[in-house]
Each structure stands twice: as structure tokens, then as C-alpha cells.
Amino acid sequence: MSRVTASPPRAVLATLPTPLEVGPTLPGGARLLMKRDDLSGLGGGGNKARKLEFLCGAALAERADALVTVGAAQSNHCRMTAAAGAKLGLEVHLVLSGDEPARGGATGNQLLATLFGAQLHYTGVPDHHWGELEIARESVTGALAADGLRPYSIPMGGSTATGALGYASAMFELLDQLDAAGSAPSTIVFTSSSGGTHAGLLAGRAAALAAGRTCPDILAVGVAKGVNLGYPDVAALAGETLELMGLDVTVEEGDVEIDTRWIGDDYAVPTEAGDAAILWAASHGGWLLDRTYSGKGFAGLSGAAAEGRFAKGSDVVFVHTGGWPALFARGGAPLASMS
């Protein structure tokens, strides 16, 4: 069976394959392998580059002349959508939580999105009010269409079946790298918020298993209340992704494992464990993690390792999904928040 029997439209945006690095020993004695999707190239890198290749491919196929998407104030997805639009010559509109900063006060992801030429629409709502943000995205999309544009509108995190194709493909890339390294890890760990990366990895895993390959387990560390409560339905989204791939393969609910213990008080609210993970990763591997996503995800990895989830001497993969620009926003870094 081929990896993908259908050929969805795809724009070339990412620098692939991203590296797979050998890291230090984790608590409990397992060896860390770091899949560096923070080095995916587009607009400062991160996991969204893979999703945007397929989302922008669909937009171009529909002859769109603008992209619209939505996210928290320091959304990595929004920053990278702005970069994709700059590369493809598409107008970009970003619907963001929070209030507009004072003139010249944009920092972190917002600063980069502005440099890429995006138009930022501030809603004034909190980071975790995703429903209100999505309504605002629909409103901006409708206004642009009324003005005569052809907008392609992308939900939070690019987490659609089309976007998830990026991580279905990434699973095969990672399996090839593991084979080349002679590694057979027990588990692939990553951070999950809107569910698209998770669905893509599960779809890729199901496709690879159907093709007779050996695959690690998939463990998501949930950092948003929705995904921790089962929204979206990751198994169903993975199934839709497999349909787009032209494969008659299924993902079962039992294949979906989400560790919900590391979110803290809420989405985008820093935690002590997440901050400790950021400092550990920086001091042990020179890796940059952020307080909303990858820091909490790595805290989940470290916690599972300390509990003995991964056997001593075994390998475990952490997919580094990026997020470093948020370190340069106000309160974005643990040490800055202590000063």
C-alpha cells in the first residue's frame, strides 16, 4: 500500500525533513530523541508549516486571494499563516484575542506577523474563548467576501482534515528517520491543543500499520480544555484525514491517548511544571520552548518519564512543535516573569 493514494493539492512552504536529534537521558533512564519541527523553516518554524502546505494548497486550488485565520494573542499558527501568505502572495487577515497594543508595542508572534504584512484584527476576548474567536473569524471572512475578495478561512490551529494531512505525511518522514537511526522508540510524545497534529499523526500511524510497518504509540499532552474533554473528536478527524488520503483504514477511539494533567489553570496560563521544562530544555539541549504549548508538552513528557512510562535504556521521541517567538512577548519567558 502506498503512503497516500490520493494527491491533495500542496504548496511548498516547509524545509523538510526536519532533523531528528539525540538528546540527553530523561528521568527514569530513557533516551530522548527530539524531532525538530521548530526548524520547519517557514516564518520562524513550527508544526503549522506542515498543515499550511495542504491548507494553502487547497486555497490556491480554489483561487483564493486572501487567507483568514484565528488564534490567541501570541498564536504561532497565525504568525506562520502570515508568513505563508507573504511567500504565496496572498493577503492575510488574523483574528486575535486581546486588545490592540499601543503603537509600536507589538511583540513576539504579533511583531513577526506584522513584519510579514498581515492585517491584525483584535477582538478583546480572552485567549481561551475559542468560540467567540471563531465567530469573529467568520465575521471577518464574510466582510472580506462582501468586499469582493475570495478569502480562504482557516479554523483555529489549522485543525481540519486537510491540515492534518501535514502530520500524516510527517509520520512517514519520522519513521524513515527512526529506521535510518536504528531506533525503535516505544512512544511519540507531543503537545496537543486544537487536535489537528494529533489527528494527523494517528492517521499516518494507521496508514503505516496497514502497510506493515512497526509504529510507536502516540501520546498527546493536552494544553487546552477542549481537546482534554474530547473536542474535537480526534479519532473522527483522523478518519476524515485518511479518507482524503484515499485509504480505507480506521482509527479507533482507543488509539487516542491524551494526558490532561499539565494544562494548569487554563490554556495559555503558565505553570510551574511548564516553566521548569522550559529551563531544563534550554540548559540541557539548547532548545527553546514556550509557556503555552511546547513547555507544557515537555513537562508532560518529563512527568511520564519520571513515573516510569518509558523503560530504562529505551528511546522516546518528543515532537518539538515550535513556539519560540512567544518567549519575546511580555511575560513570555519564565526568567522575565520572575524579574
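These legends describe close-up views of a predicted model.

**View 1. Helix H2 and its ends.**
Helix H2 covers residues 76-88. Its 13 residues should span 18 Å at 1.5 Å a residue, and the end C-alpha atoms are 18 Å apart, which agrees. At the start of H2, a side-chain oxygen of Ser-75 comes to within 3.3 Å of the backbone nitrogen of His-77. Just after the helix, Gly-89 has a positive phi of about 75 degrees.

Is H2 largely enclosed, or largely open? Of its 13 residues, 10 are buried, so H2 is largely enclosed by the rest of the structure. Among the buried residues are Asn-76, His-77, Cys-78 and Arg-79. Met-80 and Gly-85 are buried too. The buried residues of H2 pack against two helices, H1 (48-61) and H3 (108-115). They also pack against strands E3 (66-71), E4 (91-96) and E6 (151-154).

**View 2. An open sheet of four strands.**
The strands follow the order E5-E4-E3-E6, and their pairing is parallel. Strand E5 (119-122) and E6 are the edge strands, each pairing on one side only. On average, neighbouring strands are turned by 20 degrees against each other, direction ignored. Four bridges join E4 to E5. Val-95 stands opposite His-121 in E5. H2 packs on this sheet and touches E3, E4 and E6. The direction of H2 makes about 170 degrees with that of E3. Helix H4 (residues 130-146) lies across E3, E4, E5 and E6. H4 runs at about 165 degrees to E3.

**View 3. Salt bridges around Arg-36.**
The model has 16 salt bridges. In one of them, Glu-21 meets Arg-36, with the closest N and O atoms 2.8 Å apart. This pair links distant parts of the chain: Glu-21 is in strand E1 (residues 20-25) and Arg-36 is in strand E2 (residues 31-36), 15 residues apart. Arg-36 also forms a salt bridge with Asp-38 (2.8 Å, N to O). Which of these residues are buried, and which are partly exposed? Arg-36 is buried, at 10% relative accessible area. Asp-38 is buried as well, at 8%. Glu-21 is at 26%, so it counts as partly exposed.

**View 4. A salt bridge between two loops.**
Arg-261 and Glu-307 form a salt bridge, their closest N and O atoms 2.7 Å apart. Arg-261 lies in the loop between strand E9 (258-259) and helix H9 (272-285), and Glu-307 in the loop between helix H10 (294-306) and strand E10 (315-320), so the pair ties together parts 46 residues apart in sequence. Arg-261 is partly exposed, at 48%. Glu-307, at 52%, counts as exposed.

Conventions. Residues numbered from 1 in each chain as written. Predicted model: local features only at pLDDT ≥ 70, side-chain atom pairs only at ≥ 80, totals over all residues. Heavy atoms only, no water. Expected span 1.5 Å × (residues − 1). Buried < 20%, exposed > 50% of the residue type's maximum accessible area, 1.4 Å probe, protein only. Contact = heavy atoms within 4.5 Å. Polar contact = N/O pair within 3.5 Å; in protein donor to acceptor, adjacent residues only side chain to side chain. Pairing = 2+ DSSP bridges. Axes fitted to C-alpha atoms, helices over the stretch in contact; angles between N-to-C directions. Salt bridge = Lys/Arg side-chain N within 4 Å of Asp/Glu carboxyl O.
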